[in-house]
Amino acid sequence: MLTSLAFGYFLSAVAVSLLSFGRRISFTNALTISIFLTPISGLITVLNIGRSLRVSRYITKYQCPQCKKVFTEPHFICPQCEEKKLQIDLHQIKHLQIT
Ligand SMILES: [Zn+2]
């Protein structure tokens, strides 16, 4: 009886801690709060903490249409193709970066 209560308490603490994914609190912190301050306190804490910030921005890269190599720095002509005596203009490509 007591072990099943303790198991249910621990299981509900883990369930509350699973809600922490995608929020600005770690699973371990949510589990610690849920175990020591009851799962109800953990649930209130997790739900009051905001979602994780996702920052996205476009970065410009430069791709050679001949050899398909992508460069992060701007070049007038492809350095790799220049070694083969070819002068290929690089094309700008926009790359979405999510951090
Ligand atoms: Zn090239």
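A residue is called buried if 20 or more other C-beta atoms lie within 10 Å of its own, exposed if 12 or fewer, and partly exposed in between, with C-beta atoms placed from the backbone. By that count serine 17 is buried, because 24 other C-beta atoms lie within 10 Å.

This is a predicted model, in which local features need pLDDT of at least 70, side-chain atom pairs count only at pLDDT 80 or more, and totals for chains, interfaces and linings use all residues. Residues are numbered from 1 along each chain as its sequence is written.

**Domains**

The domain assignment of the chain gives domain 1 (2-48) and domain 2 (56-98); such bounds come from an automatic or database domain assignment. The C-alpha centres of domain 1 and domain 2 are 49 Å apart.

**The helix pair**

Helices (H or I, at least four residues) and strands (E, at least two) are DSSP runs, numbered from the N terminus. Two packed helices are described by the angle between their axes and the distance between the axes. For helix α1 (residues 2-18) and helix α2 (residues 27-36), the axes come within 8 Å and cross at roughly 145 degrees. Axes here are lines fitted to C-alpha atoms, for helices over the stretch in contact, and angles run from 0 to 180 degrees between N-to-C directions. The crossing of α1 and α2 is right-handed; a crossing is right-handed if the near helix is turned clockwise from the far one by less than a right angle, and left-handed if anticlockwise.

Ala13, Val14, Val16 and Ser17 of α1 meet Phe27, Ala30, Leu31, Ser34 and Ile35 of α2. Seven of the residues in this contact are nonpolar, two are polar and none is charged. In this scheme Ala, Val, Leu, Ile, Met, Phe, Trp, Tyr, Cys and Pro count as nonpolar, Asp, Glu, Lys and Arg as charged, and the others, Gly among them, as polar. Contact requires that the C-beta atoms of two residues, placed from the backbone, lie within 7 Å.

Serine 17 itself sits in helix α1. Leaving out residues up to four places away in sequence, serine 17 touches Phe27, Ala30, Leu31, Ser34 and Gly42. The C-alpha atoms of serine 17 and threonine 28, eleven residues apart along the chain, are separated by 7.6 Å.

**The sheet**

Three strands form an open sheet in the order β2-β1-β3, with antiparallel pairing. β2 (70-71) and β3 stand at the edges, each with a single partner strand, so one side of each is left without a neighbour in the sheet. Strands pair if DSSP finds at least two bridges between them. Eight bridges join strand β1 (residues 56-63) to β3, and arginine 57 has glutamine 97 in β3 as its bridge partner. Two bridges join β1 to β2, where glutamine 63 is partnered by valine 70 of β2.

**Lysines in loops**

| Residue | Exposure | Other C-beta atoms within 10 Å |
|---|---|---|
| Lysine 68 | exposed | 8 |
| Lysine 85 | exposed | 6 |

Lysine 69 is in the loop between β1 and β2. Its contacts, not counting residues up to four places away in sequence, are Cys64, Cys78 and Gln80. Lysine 69 and leucine 90 are 21 residues apart in sequence and 9.5 Å apart in space, C-alpha to C-alpha.

Most residues other than glycine have a negative phi, and most peptide bonds are trans. Lysine 68, in the loop between β1 and β2, has a positive phi of about 65 degrees although it is not a glycine. Lysine 85, in the loop between α4 (79-82) and β3, has a positive phi of about 65 degrees and is not a glycine.
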